[in-house]
Amino acid sequence: MRLLVVLSILFMSSLLAFEYKLQAKKVSSNIYCFFGEPQAINSKNNGNMVNSCFVEIGNHYLVIDSGPTYNYAKEAHSLIKKIKNLPVAYVINTHVHDDHWLGNSYYKKLGIDIIGSKKFQEEGKLETTRMQRMVLPEAYENTTQEFPNIFVDQEKKLKIDNQEIFIYSVNQKAHTKSDLLIYIPKLKAIFVGDVVFNDRVPSLRDGDINRWIETLQSIQEGNYKYIIGGHGSLINKHSIDFTYNYLVELKQKVLEAIEDGIDIEDATTSILMPEYKNVHMYDVLHKQNVETAYRTLEWEQ
């Protein structure tokens, strides 16, 4: 009788567990991604506004970004195992924004090594994460701040089942100070985190517009079949174009404003770039992007 009660409680708990209702999208025969909504973090998407990918490399998976919460990572991993039940070799965090790495707490429990920029060591743990403030408590349940245990300073080469994976630190402030690029030659695929956005306006708040454009130009020079960013579902070699074109035009218009003696407050209201007005998150991010770009470019002038 007691056993039946325990089993009943466990069954009910499983029914009450938070679900994101994630769906894995097949990018290629070796790559599956969970593509987030083109939105800000809120209590409806509960952080499901970011990309997390599983790459089949030999007899293992490589996870690119663990996602926004423990529950997200657990659900994504469970779904991938139904496609092919392979062990995870490593998790790589593309940068320090918490929507990309709070799922580490799930993989840490499995004893899996997590790789990230050396900048993680400098950032320190957050007093309160954005997810903690903005998502439902049941979505955030079991989530803890677990940083990488393997750090990349310049570059690192992994070998998984005789396949080579190259991890490069951008080594300058582009989207953040901690951006990593993960290149898998056999698949002609590069995972670039939030260096590339599509389906929504990029966020420049922690970045440097000049270094970001330079990083995108260096990626454009590569021969990639897949360029997979941190936000947005476009994954072919043209997935880079939206972010690049937006930042180049933004830089040009801000430089013109500085040259014409327009102050920062007037620049944020006059530099509208109307062709982007209907793109997701324009209203939330564009003025902020103008202000950030202005401060960077004015200082460099």
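The largest cavity in this predicted model holds about 40 Å³ of space. A cavity here is a set of points, on a 1 Å grid over the protein atoms alone, where a 1.4 Å probe fits but cannot get out. Grid points are joined across faces, edges and corners, and a volume is the space filled by probe spheres set on the points. By this rule the count is one cavity of 30 Å³ or more.

Residues are numbered from 1 along each chain as its sequence is written, and side-chain values use heavy atoms, with hydrogens and water left out. Local features need pLDDT of at least 70 and side-chain atom pairs count only at pLDDT 80 or more, while totals for chains, interfaces and linings use all residues.

**The cavity lining**

Lining residues have an atom within 4 Å of a cavity point. For the largest cavity they are Asn51, Cys53, Ile64, Asp65, Thr94, Phe191, Val192, Gly193, Ile228, Gly229 and Gly230. Two elements, β11 (189-197) and β12 (226-231), each give two or more residues to this lining. Helices (H or I, at least four residues) and strands (E, at least two) are DSSP runs, numbered from the N terminus. By class, the lining has five nonpolar residues, five polar and one charged. Ala, Val, Leu, Ile, Met, Phe, Trp, Tyr, Cys and Pro count as nonpolar, Asp, Glu, Lys and Arg as charged, and the others, Gly among them, as polar.

**Overall fold**

The protein has ten helices and twelve strands. Its radius of gyration is 20 Å, close to the 19 Å that the globule rule gives for 301 residues, so the protein is as compact as a globular protein of that length. The radius is taken over C-alpha atoms, and the globule rule is 2.2 Å times the number of residues to the power 0.38. Along the principal axes, the C-alpha atoms fill a box of roughly 80 × 40 × 35 Å. Of the 301 residues, 52% count as buried; buried means under 20% relative accessible area, exposed over 50%, and partly exposed in between (1.4 Å probe, protein chains only). Contact means heavy atoms within 4.5 Å. Among contacts between residues at least 6 apart in sequence, 68% join residues at least 24 apart.

The expected span in the table is 1.5 Å times one less than the number of residues in the helix.

| Helix | Residues in helix | Span, first to last C-alpha | Expected span |
|---|---|---|---|
| α2 (70-83) | 14 residues | 21 Å | 20 Å |
| α7 (209-220) | twelve residues | 16 Å | 16 Å |
| α8 (241-259) | 19 residues | 27 Å | 27 Å |

In α2 the buried residues are Tyr70, Asn71, Tyr72, Ala73, Glu75, Ala76, His77 and Ile80. Their cover includes the strands β2 (31-34), β3 (52-57), β4 (60-64) and β5 (88-92), together with the helices α3 (104-109) and α6 (137-140).

Helix α7 buries Ile209, Asn210, Trp212, Ile213, Thr215, Leu216 and Ile219. These residues pack against β10 (180-184), β11, β12, α8 and α10.

The buried residues of α8 are Thr243, Tyr244, Tyr246, Leu247, Glu249, Leu250, Val254, Ala257 and Ile258. What covers them includes β11, α7, α9 (264-270) and α10 (282-300). Just after α8, Gly261 takes a positive phi of about 80°.

**Loop residues and a helix residue**

Most residues other than glycine have a negative phi. Asn162 has a positive phi, near 65°, and is placed in the loop between β8 (155-160) and β9 (163-169). With a relative accessible area of 70%, Asn162 is exposed. Met281 also has a positive phi, near 75°. Met281 lies in the loop between α9 and α10 and counts as buried at 14% relative accessibility.

Ala24 sits in the loop between α1 (2-16) and β1 (25-26) and is partly exposed, at 30% relative accessible area. Beyond neighbours within four places in sequence, Ala24 is in contact with Tyr32, Cys33, Phe34, Ile80 and Ile83. Ala24 and Cys53 are 29 residues apart in sequence, with 8.8 Å between their C-alpha atoms.

Lys287 belongs to helix α10. Leaving aside neighbours within four places in sequence, Lys287 is in contact with Thr268 and Thr269. Met273 is 14 residues from Lys287 along the chain, and their C-alpha atoms are separated by 10 Å.

Conventions:
On a 1 Å grid over the protein atoms alone, a cavity is a set of points where a 1.4 Å probe fits but cannot get out, and a pocket is an open set with protein on both sides within 12 Å along at least five of seven lines; lining residues have an atom within 4 Å of a point.
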